[in-house]
Amino acid sequence: MALLRALTNSAKNSSSFSSLNFHQAPPLLGFIFDGNPTLDQMRQILDLSFRNLPNHLKTCLLYLAMYPDDHEIHRVDLLRQWIAEGFVCPTPGLDAEDVAISYFNELINRSMIQPVVTDINGELRSCRVHDIMLDLIRSKIEEENFISVLNDPEVVLWMHRNILRASLQCFGEECRVTSAVVNGSLSKVRSVYAFGGFSCQSLMLLKYVRVLHLDIGYGRNDMLDLTGISRLFLLRHLQVISNTRIELPSQIGELQQLETLDLPVSVPGPKTVPTNFPSDIVSLPLLLHLLVQGGTVLPNGIGRLRLVRTLWSFDIGLNSVENIEGLGEMTSQNDFAAKMAADQLKPLVYVSVCSSCASKNNNRALS
């Protein structure tokens with residue numbers, strides 16, 4: 001692994017690695033390469049390292065092909081996506097998120113992915129995939145039909161296979177995912193990541209989709225119509241990265257598998273507050289992570305979401321007293337974290353919230 005750490009820290013476009021010390025390489029690699037490796041030889045090293053991974057780590061590593069080149073991948077998002085995909089093996093006595101963290105840490109320790117941002121507590125917050133490693137991953141996903149990376153959605157019209165996971169990467173001009181595409185090779189797609197300027201309304205027709213990640217960028221003046229998500233009955237994970245206004249359906253109670261609802265949080269204000277926030281969100285039995293922007297008024301009854309672990313950002317100034325009191329009911333069997341803007345905290349209300357949450361023995365954090 002010392003060799004791999006040196007390799008992944010090398011310059012991205014270098015084709016020779018004279019600075020590497022092969023006396024630090026594992027015996028097998030030292031036997032194969034007597035001296036400094038060429039680019040092709042380094043690919044062989046990485047391929048050997050990949051083949052030596054346990055199957056569950058291979059799957060999790062291949063999944064990183066869903067992201068574009070040189071993309072900073074946030075750890076918390078990746079863990080939730082792995083869980084939603086069913087990649088995390090149940091382990092007695094351990095929570096699924098803890099198991100996913102162990103997968104992530106092992107890929108870091110094996111130098112298969114690179115650390116990017118570490119917080120003040122020394123906890124890794126994001127990672128990136130080296131270009132050469134990403135090339136290897138993409139060759140593997142093509143062989144196994146694991147993920148299809150598409151720069152033009154219309155290309156799938158000529159594909160004679162069903163796509164299981166699609167990464168739609170269209171930067172620059174807006175792309176349209178047409179009904180013909182949806183009814184063709186994407187008809188049974190389980191996961192869709194869309195990057196760039198997309199007209200995504202047809203994506204709402206993907207009835208088998210479980211993970212939907214829409215990174216449509218900032219500075220858009222239009223509205224993102226997500227009213228169709230109410231028909232995505234298998235949806236487990238919905239994440240939108242943008243500061244555009246979002247239109248949600250009035251009811252989403254039939255999304256009984258939904259675990260993560262992550263809507264834009266970066267630019268709070270009237271332009272980004274979603275209209276008609278679904279009143280029946282409080283009836284979603286498996287919801288674990290609810291992330292909304294500041295200024296969002298949640299429907300009464302939020303305390304019924306007993307499994308919720310992440311609530312961000314709960315607006316103390318706008319939400320009802322019933323919901324403020326209900327925060328204490330959301331942590332009976334799980335950890336809970338609420339993030340609130342400092343300028344919205346009212347001392348008396350804050351004391352009330354803390355008192356309510358403190359009554360739960362296994363509550364971990366309120367910040």
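Trainee: Which residues are linked in a network of salt bridges?

Mentor: The network joins Arg75, Asp119, Glu123 and Arg125, where a salt bridge is a side-chain nitrogen of Lys or Arg within 4 Å of a carboxyl oxygen of Asp or Glu. By this rule, the count comes to 12 salt bridges. Please keep in mind that this is a predicted model, in which local features need pLDDT of at least 70 and side-chain atom pairs count only at pLDDT 80 or more, while totals for chains, interfaces and linings use all residues. Residues are numbered from 1 along each chain as its sequence is written, and side-chain values use heavy atoms, with hydrogens and water left out.

Trainee: What makes Asp47 and Lys140 a salt bridge?

Mentor: The closest N and O atoms of Asp47 and Lys140 are 2.7 Å apart, and this value is within the 4 Å of the rule, so the pair counts. Asp47 lies in helix H3 (residues 39–51) and Lys140 in helix H7 (residues 131–144), so the bridge ties together parts that are 93 residues apart in sequence. Helices are DSSP runs (H or I) of at least four residues and strands (E) of at least two, numbered from the N terminus.

Trainee: Which residue forms a salt bridge with Arg138, and where does this partner lie?

Mentor: Arg138 pairs with Asp69, with 2.8 Å between the closest N and O atoms. Arg138 is in helix H7, whereas Asp69 is in the loop between helix H4 (55–62) and strand E1 (73–74), 69 residues away.

Trainee: Why is Asp69 called partly exposed?

Mentor: Buried means under 20% relative accessible area and exposed over 50%, with partly exposed in between (1.4 Å probe, protein chains only). Asp69 has 48% relative accessibility and therefore counts as partly exposed. By contrast, Asp47 and Lys140 are both buried.

Trainee: How do you know whether Arg110 and Glu106, which form a salt bridge, are buried or partly exposed?

Mentor: Arg110 has 22% relative accessibility, so this residue counts as partly exposed, and Glu106, at 29%, also counts as partly exposed. The closest N and O atoms of their bridge are 3.1 Å apart.

Trainee: Why is the aromatic pair of Tyr193 and Phe195 called tilted?

Mentor: The planes of Tyr193 and Phe195 are 50° apart and the centres 6.3 Å apart. Rings of Phe, Tyr and Trp (its six-membered ring) pair if their centres lie within 6.5 Å, and planes under 30 degrees apart count as stacked, over 60 as edge-to-face and the rest as tilted, so 50° falls to tilted.

Trainee: Why is His213 called buried, and what is it in contact with?

Mentor: His213, in strand E7 (residues 211–217), has 2% relative accessibility and therefore counts as buried. Leaving aside neighbours within four places in sequence, its contacts (heavy atoms within 4.5 Å) include Tyr193, Phe195 and Gln239.

Trainee: What makes the link between the side chains of His213 and Gln239 a polar contact?

Mentor: The distance is 3.1 Å, and a polar contact is a pair of N or O atoms within 3.5 Å; within protein, one must be able to donate a hydrogen and the other to accept it, and residues adjacent in sequence count only if both atoms are side-chain atoms.
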